[in-house]
Amino acid sequence: MTSAPPDPAAPAAPAAPDAPAADPPRSRRVAFLVAAAFFMENLDATIITTAVPAMAQSFGVAPVALSIGISAYLLALAVFIPVSGWVADRFGPRQVFASAILLFTLASVACGLAQSLPVFVAARILQGIGGALMVPVGRLVVLRSTPKSGLVKAIATITWPGLVAPILGPPLGGWIASAWTWHWIFFLNVPLGAVALVLALRWIDGAPGERRPFDWPGFFASGAGLAALMYGLDLLSHTAIDWPQALAFVAGGACSLAWALWHLRRTSHPLVGLSAFGVQTFRVSVFGGSLFRVAISTAPFLLPLMFQLAFGFSMVASGFMMLALFAGNLGMKPATGWVMRRLGFRGTLMVNGVLVALGFVACAALSPDTPLAVMAAVMVVGGMCRSMQFTAFSTLAFCDTTPAQTSSATTLFSMFQQLSAGIGIAFGAIALSVAQRFTGHAGHPGVADFRIALGLVAALALLALMDAAGLPRNAGARVSGHGDAAAPQASR
């Protein structure tokens, strides 16, 4: 049985009622708990990169063989994120979130105890499955426990791991592997996971499950499409790009996702509902926001390379500069709500979006002779601006979605967020490769190459503002508190 796709011209759905706010302190505690779980999951995506030589020696394999450990984790995330909404609806967000934490923690133990590469890869796949359920279901828990008026603070709390973990992961992994052994990279998750599991069972309210058929065609098509696309993007991020193979995976993944979209619009019980795309604020956050997330995802790839290869910095000095970016990310959080109340979502996204692009331009203007204090200041301000934009886009996504749309909306948002991270690294690698072809510095990028690459990233950040420019002035006012929050909002 099939159903017609939603009519874009249909009247807007009524605004979602405000979530109950019987216990605001508990809502804040849940947001911090979910943020801690997100940090653990995001950190494990990149923390092993600098520990690869030590791990390869332990397994008796070449270092390049360890790349499968990173890829297996990311591919498992991509395959199982689409199923997270159905699982949460079927068994309840509390049970699924707690189970995801338990699976992730046990898989971390298995990673640390692994004595061979195949066993390690299998454990990383289990970690990825746990992470795939943890992130979207954790976001769903926060959305359901937070009133609309508290959404900005809650989203600001749970978005910082996505900004911070990719920056802290590589240097932290290298330090742990040097000071102790690489096994502790994973064993450190055990006390964190144990505490998070106990608090999840204590703080998160249970909810009855909802029985509905599982969409196997949608699962296979979306899972295979995301996995192929992520793998193709990973190939595009390598120094020596195998273009035919990479493009074949990207094209195959895109075709599979296109079929999945066709199927989800027509089946009576889709794995992921698409009605949230009928809400303008959600569309802007997903499409324009994805371009922005692609742009900022290039920073952990391009900037350390620029500091080390073009400026001649040591790994420690490069890490210090990235920590300045991290400091800016955290430093902006307290001011996020204040700025949105003054400017609204559209004003914040447009003004701050230009500042994000200028931040990349400022990074491109740096040189080896620039004083360290100036470099650090550029990184701090850049971190502040990208943190503001990240939070604004992430909050905008759920301003006008109804309770019935929340589960599918969180799944869709997580899918696009995961793709954006993969595309960001690939975009950074391709931009640098294009720059080297232009300057003739193939294999030996210099200052000019990174300036061209960062200029391309700045242009992409500006392109991301086209969607936001079409938002009504009072978009999301009930959440941001800007202007007359009671004024009617165009949601379609």
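A contact means heavy atoms within 4.5 Å. The model is predicted: local features need pLDDT of at least 70, side-chain atom pairs count only at pLDDT 80 or more, and totals for chains, interfaces and linings use all residues. Residues are numbered from 1 along each chain as its sequence is written, and side-chain values use heavy atoms, leaving out hydrogens and water.

**Figure 1. Overall fold of the protein, with 20 helices and zero strands.** Helices (H or I, at least four residues) and strands (E, at least two) are DSSP runs, numbered from the N terminus. Of the contacts with a separation of 6 or more, 83% join residues 24 or more positions apart. The C-alpha atoms fill a box of roughly 55 × 50 × 45 Å along the principal axes.

**Figure 2. Cysteines C363 and C399, both buried.** Buried means under 20% relative accessible area, exposed over 50%, partly exposed in between (1.4 Å probe, protein chains only). C363 has 7%; C399 has 1%. The disulfide count is zero, a disulfide being a pair of cysteine sulfur atoms within 2.5 Å. For C363, the closest cysteine sulfur belongs to C385 and lies 11 Å away, so a bond is ruled out.

**Figure 3. Helix α15 (residues 333-365) and the nonpolar patch.** The helix gives the most to the patch, six residues. L343 is found in helix α15 and is partly exposed, at 39% relative accessible area.
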